Amino acid sequence: MSREQKPKARGVRDPKKGPFIFLFLLPAFLFLIVFMYYPIEETIRLSLTKTTGMGSGVFVGLENYQKLLVNPEFQQGLLHVFTWAFWSVLIQIPLAFLIAFGLTYYGNKLTGPLRSIFYLSNVMPSAIVAMLGKFIFAPRYGIISSLASAIGWKWLGAIDYLGSSNLAFWSVFAIATWAYTGFPIIFLMARIEQIPRELREAAELDGASAWRYAWSVVIPDLNYPIRILMVLSTVGSIKLFDLPKMMTSGGPGFATVTLGITLYNQGFVNWNYGTASAIGVIIFVLSLLFTVIQFTVGNKEGKAI
Amino acid sequence: MSDRKNRLRYGASEVVVTALLIVLALIVIAPLVIPLLFAFKTQLEFSYHPWALPKALLMSNFSDAWKAIRIDQGLLNTLFVALGAIATTLPPSFFGGYIFARYKSKVTEIAFYCILIGYFVPAQMVLIPLYKFEVATKLNNTLWGLFLVMATFGIPFWTLIYRSFFAGLPNELFEAARIDGASHSKTFFNIMLPLANPATVLALLLVFIGAWSDFLLSLILLTDQNLFTMQLRVNSFLGAYGTDRMPRYASAAVIAALPTIILYIAGHKWIIKGTIAGAVKE
């Protein structure tokens with residue numbers, strides 16, 4: 001009631017505190033125990049057993065993992081997710097930087113509306129993105145093909161972008177770039193807008209060009225957010241599933257398989273639970289590895305500031 | 001004089017850069033607008049003049065596409081899943097986040113790390129056991145079975161967000177309420193939770209969008225076509241109908257994308273703000 005009671009109230013043991021904490025933590029733990037901890041234990045157990053559908057299976061040690069290493073579909077999947085990660089970092093992030101810098105540098109009336117448009121494709125569900133991707137790359141009637149025949153470039157219209165094993169991967173990658181560059185754009189814009197005005201004014205007084213200002217002031221300041229984006233990109237690539245699954249089903253052949261698609265095929269097409277679980281564990285280990293890198297990078301930077 | 005010259009040059013470069021950005025923005029919108037040009041045409045008209053404006057506004061492609069996707073049923077299912085995901089993600093997260101921010105002890109710290117682990121677990125890791133578990137408990141092919149899993153994978157992240165939010169509130173508020181004799185739960189429900197409204201709005205939006213867009217979990221856990229969400233319906237459409245009848249395909253794309261576009265036009269400011277806030281706290 002009054003301030004004088006404060007120390008006393010603190011010293012007294014509160015018998016209701018324990019039950020309160022327990023009750024408040026209970027819901028989260030109920031969810032996690034049933035739908036996460038138990039499945040994690042099961043995934044690890046299954047990845048060490050040989051099962052097909054029914055029955056509890058036989059313990060086979062690391063056999064599932066050893067077999068995966070020589071499985072061509074898995075090898076292609078692994079190669080594809082890291083190729084995807086490499087080019088996402090190399091293409092999407094610089095592109096996002098250029099757009100973010102262009103949008104913030106002049107900061108006129110169009111900045112806000114343009115930012116909203118650039119982020120629009122990012123909120124599109126992957127099923128819609130896949131649908132539009134097929135719309136663009138379809139043979140004969142797709143946007144590219146019909147534009148090409150409209151201007152008389154028959155050779156360009158004759159290409160089967162999603163059906164060719166050389167081009168399918170890059171076509172899916174192109175539509176992903178269309179869809180997912182919006183996030184790095186708004187993320188970088190938010191950081192750039194925090195750079196103090198004085199720095200910009202000082203740079204302009206010194207006669208620095210926009211390029212010079214970008215290179216000497218903005219990019220050093222974006223060091224940390226860009227590294228975060230690189231890691232997010234990599235972890236996202238390791239989990240890549242939706243777009244190649246819906247646009248090409250991993251094909252033609254193994255041209256667009258990813259770890260996620262291999263997992264799906266092993267688990268829900270071949271009903272090979274052991275192998276599929278082993279891939280699940282590998283996806284977890286790889287993404288954990290890169291998330292840990294993100295956090296160590298983050299901590300270092302935190303101390304510097 | 002030189003100052004004026006400078007400003008003029010600045011003006012020219014501003015125009016060039018803005019024009020470039022507008023072109024890029026048009027590229028972003030193009031795949032969403034071009035289907036409109038195709039959707040109202042007959043197949044014949046489309047094959048001869050794909051890029052001309054439609055002669056008449058033919059609606060039969062839309063009714064065909066509507067029948068093929070059954071968008072009304074899809075929207076209802078998706079909405080139910082999204083609201084269910086919100087209702088089951090938020091309370092466990094704000095309860096947990098509150099405890100971790102305000103009742104720090106050895107025990108709660110261990111509990112916190114147990115929940116933090118969940119943040120690093122991708123759904124793909126546990127897909128097989130989740131599927132087996134839901135089949136065994138008959139939760140598969142129910143919308144409940146779907147959003148409970150979505151909630152599980154959202155809770156660790158939102159617990160983190162609520163924890164940092166509650167930790168940022170002034171300590172005096174908390175102590176004053178306790179001294180006034182308010183019980184633990186009263187302090188939370190009457191004082192602390194309303195103060196967390198900004199975090200709650202953020203969670204509402206992003207959990208909704210996440211559930212709305214989900215593909216992988218829905219694909220694994222739902223096989224009954226009546227329960228299919230919008231995204232599963234789009235996926236079935238892609239599998240069943242080719243792009244040969246392009247006008248119908250384009251109409252389906254328009255129908256499928258429209259709800260998200262409307263959602264975005266209505267809430268883009270909040271969505272962008274929320275996404276940035278969520279990303280920065282991550």
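Modeller: Gladly, starting with burial: a residue is buried if 20 or more other C-beta atoms lie within 10 Å of its own, exposed if 12 or fewer, and partly exposed in between, with C-beta atoms placed from the backbone. This is a predicted model, in which local features need pLDDT of at least 70 and side-chain atom pairs count only at pLDDT 80 or more, while totals for chains, interfaces and linings use all residues. Residues are numbered from 1 along each chain as its sequence is written, and chains are lettered from A and ligands numbered from 1 in the order in which they are written.

Biologist: Why is Leu21(B) called buried?

Modeller: Leu21(B) has 21 other C-beta atoms within 10 Å, and the definition asks for 20 or more, so Leu21(B) counts as buried. Leu21(B) sits in helix 1 (residues 2–39) of chain B; helices here are DSSP runs of H or I with at least four residues, numbered from the N terminus.

Biologist: Which residues does Leu21(B) touch?

Modeller: Leaving out residues up to four places away in sequence, Leu21(B) touches Ile99(A), Gly102(A), Leu103(A) and Leu114(A). Contact means that the C-beta atoms, placed from the backbone, lie within 7 Å.

Biologist: How many residues does each chain bring to the contact?

Modeller: Chain A brings 74 residues and chain B brings 73 residues. On the side of chain A that touches chain B, helix 2 of chain A gives the most, with 16 residues.

Biologist: What makes helix 2 of chain A roughly parallel to helix 5 of chain B?

Modeller: Helix 2 (residues 17–47) of chain A and helix 5 (residues 106–119) of chain B pack at about 30 degrees, their axes 11 Å apart. Angles under 35 degrees count as roughly parallel, so helix 2 of chain A is roughly parallel to helix 5 of chain B. The axes are lines fitted to C-alpha atoms over the stretch in contact, and angles run from 0 to 180 degrees between N-to-C directions. The crossing of helix 2 of chain A and helix 5 of chain B is left-handed, meaning that the near helix is turned anticlockwise from the far one by less than a right angle.

Biologist: Which residues in helix 2 of chain A meet helix 5 of chain B?

Modeller: They are Ile21(A), Leu25(A), Ala28(A), Leu32(A) and Met36(A), and they meet Thr108(B), Ala111(B), Ile115(B) and Gly118(B).

Biologist: Is Lys138(B) buried or exposed?

Modeller: Lys138(B) has 9 C-beta neighbours inside 10 Å and the limit is 12 or fewer, so Lys138(B) counts as exposed. Lys138(B) is in the loop between helix 6 (127–136) and helix 7 of chain B. Its phi is near 60 degrees, a positive value in a residue other than glycine. Most residues other than glycine have a negative phi.

Biologist: Why is Asn141(B) called partly exposed?

Modeller: Asn141(B) has 15 other C-beta atoms within 10 Å, which falls in between the two limits, so Asn141(B) is partly exposed. Asn141(B) also lies in the loop between helix 6 and helix 7 of chain B, and has a positive phi of about 60 degrees although it is not a glycine.

Key. Helices (H or I, at least four residues) and strands (E, at least two) are DSSP runs, numbered from the N terminus. Angles under 35 degrees count as roughly parallel, over 145 as roughly antiparallel, 65 to 115 as roughly perpendicular and the rest as oblique. Two residues are in contact if their C-beta atoms, placed from the backbone, lie within 7 Å.
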